[in-house]
Amino acid sequence: MKAEELRIGNILQYRDDERVKVHLRGTPFVVSADDILFLSEQESQGNIVDYVEPINITKELLFKCGFKHHNTDECIKEYKSESMIIEHNEYLNEFNLMYELYNEVKYSELNYVHDIQNLHYILTKEELKIKL
């Protein structure tokens, strides 16, 4: 994961790693400007920060982000002039985004919660509320 993928307010988690304090392992946290600066500085020095990881999308997390069931394998989040539909392929265990923007349909594979947060911000200019 690169610093350029992140925005202030994104949610990541600490890995279950011996370099991380026991009480923080697997714990989600909200990315701050200092976190992005730290990751960016480490990248520029050729260091890899691998004890922080993105949170994988699950159907449960989609519901906590305000998505609702739509058809059999889809979840939907509706906005004023567009909607975002995420399809879950259970066989491949992957999530694919299908969204409409001004009557044009777009598709993209999504893997992480911060991807949904960033896309939501692009569409609405508002932070995505997640009930963790």
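Predicted model: local features only at pLDDT ≥ 70, side-chain atom pairs only at ≥ 80, totals over all residues.
Residues are numbered from 1 along each chain as its sequence is written, and side-chain values use heavy atoms, with hydrogens and water left out.

**View 1. A five-stranded open sheet, ordered β4-β5-β6-β7-β8.** The pairing here is antiparallel; two strands pair if DSSP finds at least two bridges between them. Strands (E, at least two residues) and helices (H or I, at least four) are DSSP runs, numbered from the N terminus. At the edges sit β4 (68–70) and β8 (104–110), each pairing on one side only. From one strand to the next, the twist averages 30°. Axes are lines fitted to C-alpha atoms, for helices over the stretch in contact, with angles from 0 to 180 degrees between N-to-C directions.

**View 2. Helix α3 against the sheet.** Helix α3 (residues 113–124) packs on the sheet and touches β5, β6 (82–89), β7 (94–101) and β8; contact means heavy atoms within 4.5 Å. The helix direction makes about 160° with that of β6.

**View 3. Lys77, a buried lysine in strand β5.** Lys77 lies in β5 and is buried, yet has no salt bridge. Buried is under 20% relative accessible area, exposed over 50%, and partly exposed in between (1.4 Å probe, protein chains only). A salt bridge needs a side-chain nitrogen of Lys or Arg within 4 Å of a carboxyl oxygen of Asp or Glu. The nearest side chain of opposite charge, Glu126, is 8.5 Å away. Among the residues that Lys77 touches are Cys65, Phe67, Met84 and His120.

**View 4. The three-stranded sheet, ordered β2-β1-β3.** This one is open and antiparallel too, with β2 (28–30) and β3 (52–54) as edge strands. Neighbouring strands are turned by 45° against each other on average, direction ignored. Strand β1 (residues 11–14) and β2 pair over three bridges, and Ile11 has Val30 as its bridge partner in β2.

**View 5. Two asparagines with positive phi.** Asn93 is found in the loop between β6 and β7, with phi near 50°. Asn93 is exposed, at 56% relative accessible area. In the loop between β7 and β8 sits Asn103, whose phi is about 65°. Asn103 is exposed as well, at 77%.

Key
Lys, Arg positive; Asp, Glu negative; His and termini not counted. Lists of a residue's contacts leave out its neighbours within four places in sequence.
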